[in-house]
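Hi everyone, thanks for coming. I'd like to walk you through one model today, so please have a look at it with me.

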Amino acid sequence: MTVLPLTASSQTISPARLDALKTELMKEIDKQQKSTQEMVDMVFSFGELGFQEVETSRYLTGILQKNGFKVEQGIAGIPTAWTAKWGSGKPFIAIGSDIDCIPKASQKPGVAYHDPIIEGAPGHGEGHNAGEPLNITAVLALKKIMEREKIPGTIMLWPGVAEEQLGSKAYYVRDGYFKDVDACIFTHVGNNMGTSYGDGGGNGMISVKFNFEGEAAHAAGAPWKGRSGLDAVELMNLAWNFHREHMETTQRSHYVISDGGDQPNVVPSKASVWYYFRERSYPKIMKMYKDGIKMAEAAAKMTDTKMTYEVLGSAWPGHFNQPIAEALYENIKAVGLPEWSPDDQVLAKALQKELGSPEEGLSATLSGLAKPAISLSAGGGGSDDIADVSWNVPTVVLRFPSNIPGLPGHHWANAIAMATPIAHKGVTAGAKAEAMTLLDLFTNPDLIKGAKTYFTDVQTKEVKYVPLISKTDKPPISLNKKIMEEFRPEMKKYYYNPAKYKTYLEQLGIKYPTVKKD
Ligand SMILES: [Zn+2]
């Protein structure tokens, strides 16, 4: 049944018994569909930006505490970060998922066009509301079996705080929260169910804010007395954009002017530009980072301003564990994709039409087990700081099918499915695959051993992890504070009330699906 080179004798339970327990796990997770839906809808309704996931963390840790998990709040100097542990002894398995959302992505679920719940408010336009509900569903089902069967081991749940800022995971690693962990399963929303191993082909990155300080002056009355921080920002950006011509095609770099001054008639004494520098390997990321500093220093010189910079986030390029990915993929195949209803397909196709994407509906066949990227001079793209965990502990990412194919990402459209039956069914499917793989890890010492051998002999044989953050960098926990202060009072009125409404769709009075009439 299994594709791994395992000796049956080293398993703590027989393969037949393991199969029976996996069948039981699937049934148990099906029975939990109501609570899964409530968790997915609840976190969707909170819609909290990075470092401000106050309600989300309170809610999730509350559920875990009620179920016998020991919770530690505020880890790594991040108020909304936590760990929740249950069990005892080895193996020690960590399970994580992100919890933050996207600015200006407020969107009514189940409606196939742009229709915000609150105009301009944050929303789950990445689908990070579904991952922790999946993890909790999986571990609560697994816990019952582990207790009854007296299977030893420790489970630790943890949240990806401020993933959109790549803001937390390198700090968890630096501060030792993964020190004794044997393996980690991370879950992330997708539009299919799958996993991968080896070099993921994506970029790592460092997020840096450059601040320039000059001198204010009346911009008409005495402009010669002023020195503009904004001039420095613009010159730095100009230099960087010329530099792009001479960079490798795998790089991604982008910026926002996070402070461009206050009003035109005052020479901006202060200005800031916030960059993400992304590349395929640690040395290439560091080269970009140093080039950026050089240009910032030059811009400061040209404008006679003072420059300081701060690291706001970081992520290594991802590399994932082959033996665990293979075990996970066997379980993914056993679970299969959810059965989509005609309503689910109507919503998906209407949204795809709205966005000008191929009207293919929801995923019908499982994506395969993705193979490693071929070379460091190919690929490039997004980043996820789960990679910092993956370079310290054998790690895999389970992508689960809770969204619609063909969407832009980081966008209101990506929120539409996330509190509908599409998301709920995708989470149930993902929870099954995760719970079964956890059972593999807890009952098969050879799987952990194989994972560690891959980690030492293949993954880290030549590449050694050097953190992109320093020992003294601090997580920028005030990020997004002002935005949440502005929107939270209005958003509170829309928090999901499961005591009164079966679903969040029902609470919002949305007919599922709502699509444009031709
Ligand atoms: Zn994400």
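A quick word on what you are looking at. This is a predicted model, in which local features need pLDDT of at least 70, side-chain atom pairs count only at pLDDT 80 or more, and totals for chains, interfaces and linings use all residues. Residues are numbered from 1 along each chain as its sequence is written, and side-chain values use heavy atoms, leaving out hydrogens and water.

There is another cis bond, from Lys90 to Pro91, with omega near -5°.

Strand β3 covers residues 92-98, and seven of its seven residues are buried, so β3 is largely enclosed by the rest of the structure. Buried here means under 20% relative accessible area, exposed means over 50%, and partly exposed is in between (1.4 Å probe, protein chains only). In a regular strand the side chains alternate between the two faces of the sheet. In β3, Phe92, Ala94, Gly96 and Asp98 point one way, while Ile93, Ile95 and Ser97 point the other way.

And which strands pair with β3? Strand β4 (residues 153-160) runs parallel to it and is joined by seven bridges; pairing asks for at least two bridges found by DSSP. Ile93 has Ile155 as its bridge partner in β4. Strand β5 (residues 183-190) also pairs with β3 in the parallel sense, over four bridges, and there Ile95 stands opposite Ile185.

Now follow the chain: β3, helix α4 (residues 131-149) and β4 form a right-handed β-α-β unit. Right-handed means that, with the strands pointing away from the viewer, the path from the first strand over the helix to the second runs clockwise.

Finally, two backbone angles. Phe51, in the loop between α2 (33-46) and α3 (54-66), has a positive phi of about 75° although it is not a glycine. Lys150, in the loop between α4 and β4, has a positive phi too, near 55°. Buried or exposed? Phe51 is buried, at 3% relative accessible area, whereas Lys150 is exposed, at 72%.
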